[in-house]
Amino acid sequence: RIAYVNGQYVAHSEAAVHVEDRGFQFADGVYEVCEVRQGQIIDLTRHLTRLDRSLSELKIASSMSRTALTLVVREVLRRNRVKNGIFYMQVTRGAARRDHFFPAADTPPTLVITAKSTDPSLMAKKYASGISVITVPENRWDRVDIKTVGLLPNVLAKQQARDAGAQDAIFVDRNGIVMEGASSNVWIVAADGTLVTRPAEHGILRGVTRTTLLDVTEILNFKVEEREFQMDELLAAREVFFTSATGSCVPIVAVDGKPIANGHPGTVSSSIRNAFFDVAE
Ligand code: PDD
């Protein structure tokens with residue numbers, strides 16, 4: 001495997017950044033994960049737009065033009081022969097002697113890109129069986145709209161899920177309002193058949209998959225509401241599912257050990273998932 005690190009293509013096993021990198025020292029960096037399907041990058045423009053937004057919110061300089069970045073991404077995919085898989089881009093504020101203040105303005109940002117193939121049949125299995133999740137109290141900072149590499153609450157939530165015999169976790173705030181998954185957005189099909197997902201103005205990451213799925217649901221003529229919803233509405237839903245670049249649309253069949261509807265994946269999530277790849281570009 002080959003990784004891209006600061007202008008060089010290097011063996012993945014040897015790819016490294018400096019010990020004084022601010023990503024390592026302070027989680028002072030941002031990232032994107034994109035899916036590749038049949039050789040096609042899904043929603044690249046939207047991911048690059050969000051990357052730019054994350055960088056500008058944190059006042060990190062972007063190290064490369066979009067065109068150049070796209071060329072490097074394609075080269076990483078080519079060198080790793082990725083036809084179906086994901087790639088990861090991370091930009092940090094660069095390497096400088098540890099000091100909380102921003103480093104000198106001429107410190108170059110660090111840019112890392114990695115890619116790996118994934119097995120579509122493993123995803124198909126997940127879609128067929130659905131996953132079970134736990135809920136955890138929302139304990140993150142209030143700028144989760146920025147896709148930073150500061151993911152410790154997400155890491156702890158996912159591991160807590162695994163230790164409990166579940167596959168993933170949903171953050172729920174102190175008022176019982178459903179926020180998002182540890183690495184995905186949450187949708188429900190409410191009792192009346194309406195699709196509901198939380199507004200993304202604050203409190204969650206505005207998922208690219210979520211945005212594209214809103215386009216899909218409009219094309220499919222589904223009734224959709226962007227509004228907050230509580231845990232009791234989620235538990236009474238006909239369907240619950242996650243959306244993210246790594247899983248498109250994954251059905252959730254149990255929450256905190258309680259089955260959702262009949263405990264099997266529903267038809268709305270599967271029809272949306274099938275339409276998704278026709279709309280995403
Ligand atoms: N996570 N919410 C959070 C907290 C996320 O980390 C992600 C994505 C999403 C969904 O965003 P998108 O549809 O753009 O992937 C929502 C990536 C996949 C990850 O951390 O691996």
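**Working through the fold**

Skipping neighbours within four places in sequence, Glu-239 is in contact with Ile-188, Val-189, Pro-251, Ile-260, Ala-261, Gly-266, Val-268 and Ser-269 (contact means that the C-beta atoms, placed from the backbone, lie within 7 Å). The model is predicted, so local features need pLDDT of at least 70 and side-chain atom pairs count only at pLDDT 80 or more, while totals for chains, interfaces and linings use all residues. Residues are numbered from 1 along each chain as its sequence is written.

**Exercise 1. Is Glu-239 buried or exposed, and in which strand is it found?**

Step 1: Find the element. Glu-239 is found in strand S13 (strands are DSSP E runs of at least two residues, helices are H or I runs of at least four, and both are numbered from the N terminus).

Step 2: Count the neighbours. Glu-239 has 24 other C-beta atoms within 10 Å, so it is buried (20 or more is buried, 12 or fewer is exposed, and in between is partly exposed, with C-beta atoms placed from the backbone).

Step 3: Pick one contact and look at the sequence gap. Val-268 is 29 residues away from Glu-239 in sequence, but their C-alpha atoms are 7.7 Å apart in space.

**Exercise 2. How many residues of strand S10 are buried, and which way do they point?**

Step 1: Check burial. 5 of the 5 residues of S10 (185-189) are buried, so the rest of the structure largely encloses this strand.

Step 2: Sort the directions. Asn-185, Trp-187 and Val-189 point one way, while Val-186 and Ile-188 point the other.

Step 3: Look up the partners. S10 pairs with S13 in the antiparallel sense over 5 bridges (pairing takes at least two DSSP bridges between two strands), and Ile-188 sits opposite Val-240 in S13. S10 is also joined to strand S11 (195-197) by 3 bridges, again antiparallel, with Trp-187 opposite Thr-197 in S11.

Step 4: Inspect the turn. The hairpin of S10 and S11 has 5 residues between the strands, and Gly-193 takes a positive phi near 95° there.

**Exercise 3. In what order do the 6 strands of the open sheet run, and which helix lies across S1 and S2?**

Step 1: Read off the order. Go S2-S1-S6-S5-S3-S4, with antiparallel pairing. The edges are S2 (8-11) and S4 (40-41), and each of these pairs on one side only.

Step 2: Zoom in on one pair. S1 (2-5) and S2 share 4 bridges in the antiparallel sense; Ala-3 has Val-10 in S2 as its bridge partner.

Step 3: H3 (66-79) lies across S1, S2, S3 (29-37), S5 (85-92) and S6 (110-117), and runs at about 40° to S6 (axes are lines fitted to C-alpha atoms, for helices over the stretch in contact, and angles run from 0 to 180 degrees between N-to-C directions).

Step 4: Follow the chain on. Arg-81 is in the loop between H3 and S5; its phi is near 50°, positive although the residue is not glycine. Arg-81 is exposed, with 11 other C-beta atoms within 10 Å.

**Exercise 4. How do H6 and H8 sit relative to each other?**

Step 1: Get the geometry. The axes of H6 and H8 (267-279) come within 9 Å and cross at roughly 105°.

Step 2: Name the arrangement. H6 and H8 are therefore roughly perpendicular (65 to 115 degrees; under 35 is roughly parallel, over 145 roughly antiparallel and the rest oblique).

Step 3: List who meets whom. From H6, Thr-212, Leu-213, Asp-215, Val-216, Thr-217 and Ile-219 meet Ile-272, Ala-275, Phe-276 and Val-279 of H8. By class, that contact has 7 nonpolar, 2 polar and 1 charged residues (Ala, Val, Leu, Ile, Met, Phe, Trp, Tyr, Cys and Pro are nonpolar, Asp, Glu, Lys and Arg charged, and the others, Gly among them, polar).

How values were computed. Contact = placed C-beta atoms within 7 Å.
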